[in-house]
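Here's a quick tour of the model, one feature at a time. Have a look at the structure first, then read on.

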Amino acid sequence: MSVAGLEQCIAPKGWRRQPYRVRYRLPQRPHSNLNCFGEGYASSVYVSGRDIVELLSGGEMIAKALEDEGVEYIFGYPGGAVLHIYDALFKTSKVPHVLVRHEQAATHAADGYARATGKPGVVLVTSGPGATNAITGIATAYMDSIPMVVLSGQVATHLIGEDAFQETDMVGISRPIVKHSFMVRRAEDIPATIRKAFHIATTGRPGPVVIDIPKDCTRPDAKFEYHYPETVKLRSYAPAQRGHTGQIRKAAKLLLSAKRPVIYAGGGVILGESSELLTRLARKLNYPVTNTLMGLGAYPATDRQFLGMLGMHGFYEANMAMHHSDVILAVGARFDDRVTNTVARFCPGAKIIHIDIDPTSISKTVAADIPIVGPVQSVLEDLLDILDSLQEKDPKQPDTAALGRWWQQIDEWRAKHGLWTGRRYGESDRIMPQQVIESLYRVTGGDAYVTSDVGQHQMFAAQYYKFDKPRRWINSGGLGTMGFGLPAAMGVKLAFPDMEVACVTGEGSIQMNIQELSTCKQYSTPIKIINLRNNYLGMVKQWQDMQYEGRYAMSTYEDSLPDFIKLVESYGHVGIQVTRLEELDQRMEEAFAMKDRLVFLDIFIDPMEHVYPMHVAPNGAMKDMWLSKNERT
Amino acid sequence: MRRIISILLENEPGALSRVIGLFSQRGYNIETLNVAPTEDVTLSRLTLTTTGDDKTMEQITKQLNKLVDVVKLVDLSEGAHIERDLMLIKVRASGAMRDEIKRTTDIFRGQIVDVGPNTYTIQLTGTGEKLDSFVAAMAEADILEVVRSGVAGISRGEKVLRL
């Protein structure tokens, strides 16, 4: 029952408002109109001054607060310490709960939901093993700055510190991988704590927030006044609202003076809902754009100005352009080691403008010449305004002749080794993994949500699926979590049931959370799983080929892989095996034609294929790449 | 380079562990650490000394500021400041050494705060350097125990660290 509904119930026509501000308890027997059990929250109410206040237990307050926060799904798994909360959810909550098969999957599903929608993911797990199982997913969200609120049960307050059954110090264990965490000490603090958690998780640089809740704080027999605060006051938390105008002006001048500029855009553009602004900026200036792994979709991949992904497995033209640039505009990116290669040799001739909401990201690895701390959106708006006014005064900027030469150079790089301009993978009588992604792109019209796990398949998907829209590419970039793809796809599909959701994976990754096939059955999430099957841990094998003389230490499964077709069938899904290139497109189409079924495509690919380009390491620069097994820049 | 960072921290359970955790997690050094409540019951004041180059120091202050429980911080070593470390040192004091220890303590303007038949406990306040010199001057004596508070610091003049 909603608050509005409750008010109607307890304040019928003719209800006499209290003329004075004295709190008193209404008779224990609820108002005759109020049907409490199973349908409403309050078994009793307070009249506090002129306000009607519900009396709720800790568990009910959690259920109600999540509703008031507008939560669409809770991903979780019950257990002893959260049973009061589950009972309250069962009796009262309108928020659907998704029961996963392992708590790690709950966090990944909430994470996938958050990445696709931009709203915070919500997780509910029990104490001890429930909490520790959630850790990998929390770390995954933390590394990629994904908004998430994790409610973990805790043993009762009087048992804390006594090594009680299923006790673990969740606040302590999660401390390095959360944006912030709370330990509830008094049940009456629950609504304000939940409000603060959502506020912190979703503002500034987003991230996961843990709320640890001792069991006694949720007991059903202790009732408290429930107020969900509208605003949050945190004196020590104030993320930047605007960038420094002086710095933005400097940046604009430097940008206009560039002769070989590159815009290097990361996940922050997507998180900051600024893809359109970025696109407007790039088109206005006619500057080339490269996206990080996390930023794919921030700039439309099919646009002529897009250079592709940069970094370790980035496009030749993107890495070359970065290395030879004179001005780099970094937007919501963090100069990760998988981007920069050797920092000391990073882009020697470039002046760097760095826009980020988080000051710690600036000059952490690569020093910025013009740092701008602020939300990408407002900074880009200001930057565009200042560029307009500067160009009005001096329409000759930027130097179009120099820019023309720069584009000519980029086009030469593209023609020479561009991933999409020529066929950059080997010929084989087997299916090449790149061909699978190309087929997926064709069949889904480039409009699917694509989640991935971690390894070669992730890089092939990132390279060959051309993402034109933000939030469509969903992968664990920072932590590199195998087992992310399937539960993440589940979360995405729940958020967008009418959209195609594909999970590109490998035999290694899929087996790390394969139990979620059961969850997919229970909640009817007809995703499509594209298994690039090479019978190896492909990326490990690639490194062993390149750096360990082909000694495949623990990177093969020998004959131990399950029959995936039978396996998915036993979960009630459809399995299709693909072994020949000629049938690839047809099987892919068949799979996507089954709108209401989860289909697992087990596609046998050439096991010897490597991901290229690949940065030469150690001591390489951005421009130093392997382009194939025997070609180097 | 040695720096003294002074922090106003929310007086919340777990707040201190976030600060300490940050240092171990990111591989920064803590040389001394001093923390106690302030006149405002909701706040603790924490002083820590650390070493690192300018880039590291910039990251340390940014990372500390990012912690939700850190309300305010200042790098005291950026300006004129006062720093004090308190030491309690227990030494064997018998025979001729008894007078000698008393004289050395007076020279350093220390105080003998506990006297036993065979021991002295000396209290000394000053910079870390001064305390080190005192310990060095006591080389002849039999030092039984040393306890130091770690540096507490404050800016000189009008500059204050408060809300």
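Predicted model: local features only at pLDDT ≥ 70, side-chain atom pairs only at ≥ 80, totals over all residues.

## The interface

Chain A and chain B bury about 1,700 Å² between them, 45% of it on carbon and sulfur atoms. Buried area here is the accessible area (1.4 Å probe) that two parts lose on being put together, summed over both. On the chain A side, Arg175(A), Arg235(A) and Ser236(A) lose the most area to chain B, together 38% of what that side buries. The contact draws 19 residues from chain A and 22 residues from chain B, where contact means heavy atoms within 4.5 Å.

## Ground rules

Residues are numbered from 1 along each chain as its sequence is written, chains are lettered from A and ligands numbered from 1 in the order in which they are written, and side-chain values use heavy atoms, with hydrogens and water left out.

## A parallel sheet

Chain A has an open sheet of six strands, in the order E13-E12-E11-E14-E15-E16, with parallel pairing. Helices (H or I, at least four residues) and strands (E, at least two) are DSSP runs, numbered from the N terminus, and two strands pair if DSSP finds at least two bridges between them. E13 (306-309) and E16 (370-373) of chain A stand at the edges with a single partner strand each, so one side of each has no neighbour in the sheet. Neighbouring strands are turned by 15 degrees against each other on average, direction ignored.

Two bridges join E12 (residues 289-291) of chain A to E13(A), and Asn291(A) stands opposite Met309(A). Helix H10 (residues 275-285) of chain A lies across E11, E12 and E14 of chain A, at about 170 degrees to E11(A). Axes are lines fitted to C-alpha atoms, for helices over the stretch in contact, and angles run from 0 to 180 degrees between N-to-C directions.

## A helix pair

Helices H15 (residues 433-443) and H22 (residues 584-593) of chain A pack at about 45 degrees, with their axes 10 Å apart. That makes H15(A) oblique to H22(A); angles under 35 degrees count as roughly parallel, over 145 as roughly antiparallel, 65 to 115 as roughly perpendicular and the rest as oblique.

The peptide bond from Gln397(A) to Pro398(A) is cis, with omega near -10 degrees. Another cis bond runs from Ala617(A) to Pro618(A), with omega near -5 degrees.
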